[in-house]
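Visitor: Could you walk me through this structure and tell me what stands behind the words you use?

Guide: Gladly; let us look together.

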Amino acid sequence: MASFLVLVQLIVGTFASAASVSTTFSVPNILTPHRELSPPFRVTPRNLGFSVASVSNEDYLHDDSIDSSYTVTPFRPTLCSIQNRTFWFAGPVQIQDAQKRTVALTSSSVAMALNFSHPSWIRELSPRPESSWPIIPLTPAEQFVSATYKKTYQFDTSAHCSLISDTSAVQFWNAWSYNAGTYNCYSPSGSFLAIYTLDPATNKLTVSRPAPVYQKLSIQYPYGSFSTLTVQGKTYLYAWDVYYPPSDDMGGEHDPGGYHRDIHVAVAPTSTIEDKSTWKYYDNRTGTFSSTEPLPTTRRSSAAIIILNDFSTEFANTFLSASIFYSEYHDAYLLVYAPFYPPGIYVRFAPTPLGPWSSRGTKIMDPTQFGYTVVRYALASPIFFQTGGKAGQSLLLTLTGDYKTQAFKLNFT
Ligand SMILES: *[C@@H]1O[C@H](CO)[C@@H](O)[C@H](O)[C@H]1NC(C)=O
Ligand SMILES: *[C@@H]1O[C@H](CO)[C@@H](O)[C@H](O)[C@H]1NC(C)=O
Ligand SMILES: *[C@@H]1O[C@H](CO)[C@@H](O)[C@H](O)[C@H]1NC(C)=O
């Protein structure tokens, strides 16, 4: 399919103003009909025990419109359905030819889902062999730093987006800067809010970054970057803590922000999510909200809504990734999560987005059965499989091992 027509064009370029930056581009009219659920704040869970009928391997995410001798590796793709179009937003992506020459490279990327019957079929939009561009625009401050200090910015995201209106969604991204040419010498800038708006009449997608920008890693909780959920006009912004176990002897790869054992939450009125002064921070011990942003200088586990305590060691009791969403099938809010180690996917449930969350988790998938010794990332979503059952009876799991992302369909009984 080398004759794929370039439907996508960067049409407006990047606008910079004091308040925000945005990019707008055309997307192909590929529809993936999707029914958005709007549950009440409080539901009555049907505790079905989470017994799993089957898990099927749906293949690695791939784009058949790109030369099959090329490798395309979007970093940690996440889902976003707006107006019956389903996007995969991902971090840096590189397309290499058979000789390992780079034919496209972007610091952040977007692809589209082609068909809900084939979860791994994607169409890359921003990285193409013909042309490529990043979807996350640099702020004027980043442009200045980039030009002055010869730094490269990259962006990644760890959670699926949350729809905030018929035509728009929010997602939190992490920014990293690198000294030119030295990719092991990076510094995390923090997490920031991106807003996507799709005009369904013209098929134009706008990505904007409202000011103010960063939640500084290790200094603030990165609200929204663990998971984001909108229910009845409020958007729940979940964050992990920055917990350093006393005996950090595992060395190797972990998030520079520390390990994640506790989940905290802030709540924003959906209509004013861009205005951080309207966010409120939840303290689980007292069950109250405060306008004062708590800072994670010491572990405040009593304020957390979820503490990972499924395992016998502190190290195992740290989150790698998680998804929080409403399951119509279970009539419950679900937390589907992967601990840092051992590889495994677990689920807990709650009657409200704040909890109380069931514990311990129920294991619903063992990635080692599919050849994984390490899962670097795992996310769950109910949006692909809404036909032939209620949303949530089947989940799409995406597991990232070494760069490549594989899709699985999990059916509950
Ligand atoms: C999405 O598709 C469904 C089924 O085709 C349709 O009923 C619904 O109106 C569509 N929604 C939007 C926002 O276009
Ligand atoms: C999606 O895939 C299914 C099964 O392969 C096929 O029957 C259907 O026509 C496809 N839908 C679209 C919109 O291409
Ligand atoms: C949060 O508060 C609820 C209600 O008091 C309680 O049942 C639950 O155990 C608390 N969660 C954590 C993680 O402490």
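Visitor: Which residues surround ligand 3?

Guide: Ligand 3 is surrounded by Asn284, Ala304, Ile305, Ile306, Ile307, Gly355 and Pro356. A residue is near a molecule if its C-beta atom, placed from the backbone, lies within 6 Å of it. A word on the source: this is a predicted model, where local features need pLDDT of at least 70, side-chain atom pairs count only at pLDDT 80 or more, and totals for chains, interfaces and linings use all residues. Residues are numbered from 1 along each chain as its sequence is written, while chains are lettered from A and ligands numbered from 1 in the order in which they are written.

Visitor: How many residues in the shell around ligand 3 are nonpolar, polar and charged?

Guide: The shell has five nonpolar residues, two polar and no charged ones. Ala, Val, Leu, Ile, Met, Phe, Trp, Tyr, Cys and Pro count as nonpolar, Asp, Glu, Lys and Arg as charged, and the others, Gly among them, as polar.

Visitor: Why is strand 18 called mostly covered?

Guide: Strand 18 (residues 262–269) has eight residues, and six of them are buried. Buried means that 20 or more other C-beta atoms lie within 10 Å of the residue's own, with C-beta atoms placed from the backbone. The strand itself is a DSSP run (E, at least two residues), numbered from the N terminus.

Visitor: What makes strand 17 and strand 18 a pair?

Guide: Two strands pair if DSSP finds at least two bridges between them. Seven bridges join strand 17 (residues 234–240) to strand 18, so they pair, and they run antiparallel. Threonine 235, for one, has alanine 268 of strand 18 as its bridge partner.

Visitor: What is in the largest nonpolar core?

Guide: That core has 99 residues, and those with the most contacts inside it are Trp88, Tyr196, Leu335, Val336 and Leu397. Strand 23 (residues 332–339) gives the most to this core, with seven residues. A nonpolar core is a set of buried Ala, Val, Leu, Ile, Met, Phe, Trp, Tyr and Cys residues joined through C-beta atoms within 7 Å.

Note on methods:
A residue is buried if 20 or more other C-beta atoms lie within 10 Å of its own, exposed if 12 or fewer, and partly exposed in between; C-beta atoms are placed from the backbone. Helices (H or I, at least four residues) and strands (E, at least two) are DSSP runs, numbered from the N terminus.
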